[in-house]
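Please read the points below with the model open beside you.

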Amino acid sequence: MPVYPGISSEAFRHPLDQQAEQALRSVPGFDLVARRFVEFVYERPRQVFLLGNAIEVGPRQYSTLFQLFRECLRSLDISPEPTLFVSQSPMVNAYALGQDRPCVVLSTALLDLSDEAELKAVLAHELGHLKCGHSTLNQMASWAITAASGLAEMTFGLSSLVSTGLILAFYEWLRKAELSADRAALLVMDDVKPVLQNMMKLAGGSSRYAHELSLEEFSRQSERYQNLDQDGINQVYKFLLYNNLSQGFFQTHPFTVERVHFLKEWSESEELRQIRAGNYRRAGEPTVNVEPPSPSTNPPAGEADVERLRREVADLQREIDRIRRSRSE
């Protein structure tokens, strides 16, 4: 198993993740608000719940999982050690949370569906979130949608921060953060196949018919999905599927076939080859600051994407209204 001593998350973070997070953190006072929310509204009660209602993994409790977990921690050079829990659930799921007392949670359905290599890939993915510091912003997204539903009084009276544009930015970042965590899984596994197999199972895997699944066919499906973008209207449909504004529902993850596409690209990149050779950024190394573009000329990438998609949605709505009027005349 590969080990990356001192590796910084900046060595493998996806640039879209970095851009989207930068746009979020540019909101005045955001970091202070985020940390306050996570500690008092999400992290502490969730920790109490897990300790009372899940199984804490250790040397004498799910010992195989504990060993896989330790291997992933060593590979990504993560310390102090987060807590690992297994939660009883029929939903195939895994997540990471916390900033001061971080932990990773796996569902029992995930354990039953995955083999050891796939479970290790999942653990590495979730630890990638913690390594990148995603947990604070991740949990803020839960606050954002709650506030948007009319419960802002529970969040320290900060409802003025919540707007459609900000919520879109939150969820756009959440989806891009998954791409960085997928890269962390590939670094630990040193083989793209088990990571992609896990993605395929998450999309529609079955223990009973696992022998009839084809990773090659699933990879072809991911490319067919990418090719849909050749038609501009499909891009609008994708945006609406990710962001159901009318019902206040937002996808927190990229569609699985998109993740397959991005990870396959990175698995063949020079950037990954350099990391494997030991040429990567270490924690504590100074950041090279790039002068941001003038706001009067070029908006930040995240804002530009949101504005472009807003225009496309508005155009689509006008066309729908026109068709409805023509039918009623």
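1. Phe255 is partly exposed, at 21% relative accessibility, while Tyr225 is buried at 13%. Buried means under 20% relative accessible area, exposed over 50%, and partly exposed in between, with a 1.4 Å probe and protein chains only. This is a predicted model, in which local features need pLDDT of at least 70 and side-chain atom pairs count only at pLDDT 80 or more, while totals for chains, interfaces and linings use all residues. Residues are numbered from 1 along each chain as its sequence is written, and side-chain values use heavy atoms, with hydrogens and water left out.

2. The structure holds 4 aromatic pairs (ring centres of Phe, Tyr or Trp, the last by its six-membered ring, within 6.5 Å; planes under 30 degrees apart are stacked, over 60 edge-to-face, the rest tilted). The ring centres of Tyr4 and Tyr280 are 6.1 Å apart with 75° between the planes, an edge-to-face pair. Tyr4 belongs to the segment before helix H1 (15-25) and Tyr280 to the loop between helices H12 (270-276) and H13 (301-328), so the pair ties together parts 276 residues apart in sequence. Helices (H or I, at least four residues) and strands (E, at least two) are DSSP runs numbered from the N terminus. Tyr4 is buried at 3% relative accessible area, and Tyr280 is buried at 9%.

3. Tyr225 and Phe255 also pair edge-to-face, because their centres are 6.0 Å apart and their planes lie at 80°. Tyr225 is in helix H9 (residues 215-227) and Phe255 in the loop between strand S6 (249-250) and helix H11 (256-267), so this pair links parts 30 residues apart in sequence. Together with Tyr242, these two residues form one aromatic cluster.

4. How do helices H8 and H11 pack? The axes of H8 (residues 192-204) and H11 are 10 Å apart, at an angle of about 175°, which makes H8 roughly antiparallel to H11. Axes are lines fitted to C-alpha atoms, for helices over the stretch in contact, with angles from 0 to 180 degrees between N-to-C directions. Angles under 35 degrees count as roughly parallel, over 145 as roughly antiparallel, 65 to 115 as roughly perpendicular and the rest as oblique. Residues in contact (heavy atoms within 4.5 Å) include Val195 and Met199 of H8 and Val260 and Leu263 of H11.

5. Helices H3 (residues 63-76) and H5 (residues 116-131) have axes that come within 9 Å and cross at roughly 45°, which makes H3 oblique to H5. Among the residues in contact are Leu68 and Phe69 of H3 and Leu123 and Leu127 of H5.
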